Amino acid sequence: MTKRVIHGLEELRTLVGQPIGTSDWLEITQERVSLFADATDDHQWIHCDPELAARSSPYGSTVAHGFLTLSLSNRMMQECIAIDGLKMIINYGVNRVRFPTAVRVGSRVRMAAMLLELRETHTGVQATMKQTFEIEGEARPACVAETIVRLFF
């Protein structure tokens with residue numbers, strides 16, 4: 001996908017209620033899942049044991065941690081948009097997260113973002129976004145999250 005360039009805060013304001021971008025597809029590898037397991041100390045067999053998962057899981061293979069999928073949001077947002085004049089972005093929180101479909105290792109995911117709200121705060125501007133993580137070839141998304149970031153211009 002082509003990264004969308006947003007020319008400052010005033011243009012960003014015009015995008016409230018609209019889709020603002022879609023990331024490139026990213027393959028979820030066993031190496032990525034295993035590294036996430038190491039980082040979080042979550043080594044459940046459904047994520048880390050391909051042989052057991054092939055035999056015993058309802059998915060027929062290992063799957064990504066739900067929070068691994070969610071953690072890709074910052075990377076994928078950087079693929080979607082660039083905002084001129086932006087000095088810094090910080091994560092502020094998440095209002096709602098759901099993981100409707102497991103991401104099998106070997107699948108590809110991408111994220112589509114919609115700007116839901118933009119409001120002034122005492123420290124800058126707060127953006128609330130709906131982020132939908134799609135799995136290539138699947139009807140249901142891997143993750144749907146309403147995330148909040150603070151933008152500093």
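Val 5 counts as partly exposed, at 39% relative accessibility, where the class lies between buried (under 20% relative accessible area) and exposed (over 50%), with a 1.4 Å probe and protein chains only. This is a predicted model, in which local features need pLDDT of at least 70 and side-chain atom pairs count only at pLDDT 80 or more, while totals for chains, interfaces and linings use all residues. Residues are numbered from 1 along each chain as its sequence is written, and side-chain values use heavy atoms, with hydrogens and water left out.

Val 5 belongs to strand 1 (residues 4–6); helices (H or I, at least four residues) and strands (E, at least two) are DSSP runs numbered from the N terminus. The C-alpha atom of Val 5 is separated by 4.9 Å from that of Ala 82, although the two residues are 77 residues apart along the chain.

## The buried face of helix 6

In helix 6 (residues 73–80), the buried residues are Ser 73, Met 76, Met 77, Glu 79 and Cys 80. Seen down the helix axis, these buried residues fall within an arc of 155°, so they line one face of helix 6; the arc is that of the directions from the helix axis to the C-beta atoms.

## Aromatic contacts

There is one aromatic pair, under a rule that pairs rings of Phe, Tyr and Trp (its six-membered ring) if their centres lie within 6.5 Å, with planes under 30 degrees apart counted as stacked, over 60 as edge-to-face and the rest as tilted. The ring centres of Phe 67 and Phe 99 are 5.5 Å apart and the planes stand at 75°, so the pair is edge-to-face. Because Phe 67 lies in helix 5 (residues 66–71) and Phe 99 in the loop between strand 5 (88–98) and strand 6 (108–120), the pair ties together parts that are 32 residues apart in sequence. Phe 67 is exposed, with a relative accessible area of 56%, whereas Phe 99 is partly exposed, at 35%.

## The largest pocket

The largest pocket holds about 470 Å³ of space. A pocket is an open set of points on a 1 Å grid over the protein atoms alone, where a 1.4 Å probe fits, with protein on both sides within 12 Å along at least five of seven lines, and lining residues have an atom within 4 Å of a point. Of the 27 lining residues, the closest to the centre of the largest pocket are Asn 74, Met 77, Ile 89, Met 129 and Val 149. Strand 5 gives the most to this lining, with six residues.

Definitions and conventions: Grid points are joined across faces, edges and corners, and a volume is the space filled by probe spheres set on the points.
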